[in-house]
Amino acid sequence: MNRIKEAAILAIGMIVLGWFIKSGINNFANKDRQVTVKGLSEREVPADQVTWSISTTEMGDDLPDLYSRISRQAEKIKRFLVQNGLSEKDITINPPTVNDLEANTWSENRKNYRYTASTTVTVYTKQVEKVNEVIYRQGDLLEQGVAIESGYPSYEFTSFQDMKLEMMAEAIKNAQKTAEEFAKASESDLNGITSAGQGQFEIEDRDQNTPYIKKIRVVTTVTYALD
């Protein structure tokens, strides 16, 4: 009877030992079997923040008069913006800068005036569509005698954090689909993730003609084990 028990224990031990050996062989054979894939997520979104600068310059010889004239021109610009639907709290008039042309001793050109004064009115707002409308009405300022230099608006998308997690999940899901197709083609089974890297989010203009439409993209790199 004891011999039977000993034989049974020995048999069980050999079976367990064999299972561990087989498992170790499989792990060794599969340790380098893996696939690295990339997953992409893209969105097109409208800009939700814009910065627009409008500058004007006056010339003259009398500084107090020059300051008064440049201040009036700046107020005309501000009034034009408010009348066209932009919020006054989003408009800033920067202090004027004065250039004394006679101070430039290196200049040999004789000027009809001594000073130039410049100021910039800056719009910083979330009223993106309204700014796009006002841009096409700048000619109204010329009719009021305001000579302006209008720079290109700078558009931003500031709500990026609200969609970051969703885009990451989509990119990882797309990476998994690619890995599953690879596993199927190689007659393998897709196992767990061995490593993953979050790609850098990129925000850029959709094209040069529509800077107020932004393209957001992220690419993730994921490595899966294969059995």
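Biologist: Hi! What share of the chain's residues counts as buried?
Modeller: Of the 227 residues, 31% count as buried. Buried here means under 20% relative accessible area, exposed means over 50%, and partly exposed is in between, with a 1.4 Å probe and protein chains only. This is a predicted model, in which local features need pLDDT of at least 70 and side-chain atom pairs count only at pLDDT 80 or more, while totals for chains, interfaces and linings use all residues. Residues are numbered from 1 along each chain as its sequence is written, and side-chain values use heavy atoms, with hydrogens and water left out.

Biologist: Thanks! How many helices and strands does the chain have?
Modeller: There are five helices and 10 strands. Both are DSSP runs numbered from the N terminus: helices are H or I with at least four residues, strands are E with at least two.

Biologist: And what share of the contacts joins residues at least 24 apart?
Modeller: That is 78%, counted among contacts between residues at least 6 apart in sequence. A contact is a pair with heavy atoms within 4.5 Å.

Biologist: Let's go inside. How many residues are in the largest nonpolar core?
Modeller: The largest core has 19 residues, and W52, I77, L81 and V123 have the most contacts inside it. Such a core is a set of buried Ala, Val, Leu, Ile, Met, Phe, Trp, Tyr and Cys residues joined through side-chain atoms within 4.5 Å.

Biologist: Which elements give two or more residues to this core?
Modeller: They are β2 (49-60), α2, β5 (115-125) and α3 (128-135). Helix α2 gives the largest share, four residues.

Biologist: Which residues does the second core include?
Modeller: V45, F157, M168 and I216 are among the 10 residues of that separate core.

Biologist: Changing topic: how much space lies in the largest pocket?
Modeller: About 310 Å³. The search runs on a 1 Å grid over the protein atoms alone, and a pocket is an open set of points where a 1.4 Å probe fits, with protein on both sides within 12 Å along at least five of seven lines; lining residues have an atom within 4 Å of a point. Points are joined across faces, edges and corners, and the volume is the space filled by probe spheres set on them.

Biologist: Which residues are closest to its centre?
Modeller: Of the 14 lining residues, the closest to the centre are I135, Y152, P153, Y155 and P211. The lining divides into eight nonpolar, six polar and no charged residues. In that count, Ala, Val, Leu, Ile, Met, Phe, Trp, Tyr, Cys and Pro are nonpolar, Asp, Glu, Lys and Arg are charged, and the others, Gly among them, are polar.

Biologist: Speaking of charge, how many salt bridges does the structure hold?
Modeller: It holds 13. Each is a side-chain nitrogen of Lys or Arg within 4 Å of a carboxyl oxygen of Asp or Glu. Side chains of opposite charge can pair when their charged atoms come close.

Biologist: Where do R69 and D65 lie?
Modeller: Both are in helix α2 (residues 63-83), four residues apart, about one turn of the helix.

Biologist: What does E88 pair with?
Modeller: E88 forms a salt bridge with K78, with the closest N and O atoms 3.2 Å apart. E88 lies in the loop between α2 and β3 (91-93) and K78 in helix α2, so the pair ties together parts that are 10 residues apart in sequence.

Biologist: Is K78 buried or exposed?
Modeller: K78 counts as buried, at 19% relative accessibility, while E88 is partly exposed at 48%.

Biologist: How far apart are I93 and K78?
Modeller: They are 15 residues apart in sequence and 7.9 Å apart in space, C-alpha to C-alpha. I93 is in strand β3 and is partly exposed at 31%. Its contacts beyond four places in sequence are A74, E75, K78, T119, T120 and V121.

Biologist: Last one: where is E187?
Modeller: E187 sits in the loop between α5 (161-185) and β8 (190-197). Its phi is near 55°, a positive value in a residue other than glycine, and E187 is exposed at 76%. S188 is in the loop between α5 and β8 too, but S188 counts as buried at 10%.
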